[in-house]
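Here is a short tour of a model, meant to be read with the coordinates open in your viewer.

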Amino acid sequence: MTSLTRRTFMGGCAAGALSAVAGSTGARAATRSTASTTASDDAALQAAISDLAHPPATSAQLRVGRRGGGWYGTAGTADIASGRAVRPDDQFRAGSVTKAFVATVVLQLWAEGRVELDAPIGRYLPDLLPADFARRITVAQLLNHTSGIPDHRGIPDDSTPEAVLQHRWDRWTPREWVETVTHDPLKFAPGTKQEYRGINYVLLALLVEKLTARPYGQAIASRVLRPLGLTRTLLPGQDPRLHGPHVHGYLRMTDGSLRDVTVYNQSSAWGEGELVSTLDDLFRFQPALFSGALLPPHALDKLFTLPPDSVRMLDGSPARYSLGLQTATVNGVTFWGKTGETAGYRTRLFATRDLGLRFVLSYTPTPLTTQEEMTNRVVTALTT
């Protein structure tokens, strides 16, 4: 049996965080199971999200879609102080799922003839990157993480939960964040290797702003959110709070205490990971994107096209990022989608290309770093 690894089904803007009070809250009964699933299927899915000790987490919710029906279940609580159960319209931080929305708008603009994917990014964003970067890196290479942009320098240390908590009020502008990757040469020739880097999508969000003459969040709202009726999804900018019903995120400190990290300025994530959404909204976005409601066929194909076989991840494994999505094959089932994580939250949004099987998983792990145990259990239940 194939197991999902952290390397395969991850890729967020910040390390996952938080440790739950495992066992303090019980699992909620699954709802909306249909004739397309059996009682044992439902039980396996509920069990997959109900183990809030592996990894330690305070809550989980999962929505599954199959031809002819679906399933929804929850475990834990949205807020450990009140004990309120999680609901599918509760907002949470979706992390790098943001990138799928940014890529959608960039591909729309390409389909409209307003940007060339093979053009150097310096054509559109002059005087932002070193001349060598601006001349050699293309828009497409930003989209599929083959840019070779070097590592950040001069950013805060977030290797401990205390440091994450300390720096959650930091405010960055996109240009300040881009500046932190301009001090070293390119890591590899653009287009020759693949390395997942959030900064690629900060640059793409700046590209959207240049081409549309409006904040990138407004461009996403007008082109994606409003047409699909995603009323609970937003790009918060400098606002560190979640407003209205939401799921709290928590982080376990090194002394064992649990701290609420729901309030968090996401300006360093910005176009790579600041999205706030709900399970219901992401579940609605998924089929709209895959079915072509947001992109014409030639643009939609880009979402499901990987780089040539000669392009490998830095560890030598096959490339797994397209121009906006990532892929993984488990037990013979190939999924496409996006992962997202930030302190206290993880989101997994995946579907088969034909939408015959799809899921959105949102959970709130409490360790600063953790394995993919819950995702592994969910995908195993769906594919065996």
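Two cavities of 30 Å³ or more are found in the structure. A cavity here is a set of points, on a 1 Å grid over the protein atoms alone, where a 1.4 Å probe fits but cannot get out. Volumes are the space filled by probe spheres set on the points, with grid points joined across faces, edges and corners. The model is predicted: local features need pLDDT of at least 70, side-chain atom pairs count only at pLDDT 80 or more, and totals for chains, interfaces and linings use all residues. Residues are numbered from 1 along each chain as its sequence is written, and side-chain values use heavy atoms, leaving out hydrogens and water.

The largest cavity has a volume of about 40 Å³. Its lining, meaning residues with an atom within 4 Å of a point, includes Phe285, Phe290, Trp336 and Phe350. Helix H10 (279-291) gives the largest share, four residues, while strand S11 (333-342) and strand S12 (345-351) each supply at least two. Helices (H or I, at least four residues) and strands (E, at least two) are DSSP runs, numbered from the N terminus. By class, the lining has eight nonpolar, two polar and no charged residues; Ala, Val, Leu, Ile, Met, Phe, Trp, Tyr, Cys and Pro count as nonpolar, Asp, Glu, Lys and Arg as charged, and the others, Gly among them, as polar.

## An open pocket

A pocket is an open set of points with protein on both sides within 12 Å along at least five of seven lines. The second largest pocket holds about 160 Å³ of space. Among its lining residues are Trp110, Asp118, Lys302, Pro307 and Pro308. The lining of this second largest pocket comprises seven nonpolar, two polar and two charged residues.

## Two crossing helices

How do helix H3 (residues 98-111) and helix H8 (residues 199-212) cross? Their axes come within 10 Å, at an angle of roughly 40°. H3 is therefore oblique to H8, the class left for angles that are not under 35 degrees (roughly parallel), over 145 (roughly antiparallel) or 65 to 115 (roughly perpendicular). Axes are lines fitted to C-alpha atoms, for helices over the stretch in contact, and angles run from 0 to 180 degrees between N-to-C directions.

## Backbone details

His54 and Pro55 are joined by a cis peptide bond, with omega about 0°. Pro55 sits in the loop between helix H2 (39-50) and strand S1 (57-66).

Trp270, a residue other than glycine, has a positive phi near 40°. Trp270 lies in the loop between strand S7 (258-260) and strand S8 (275-277).
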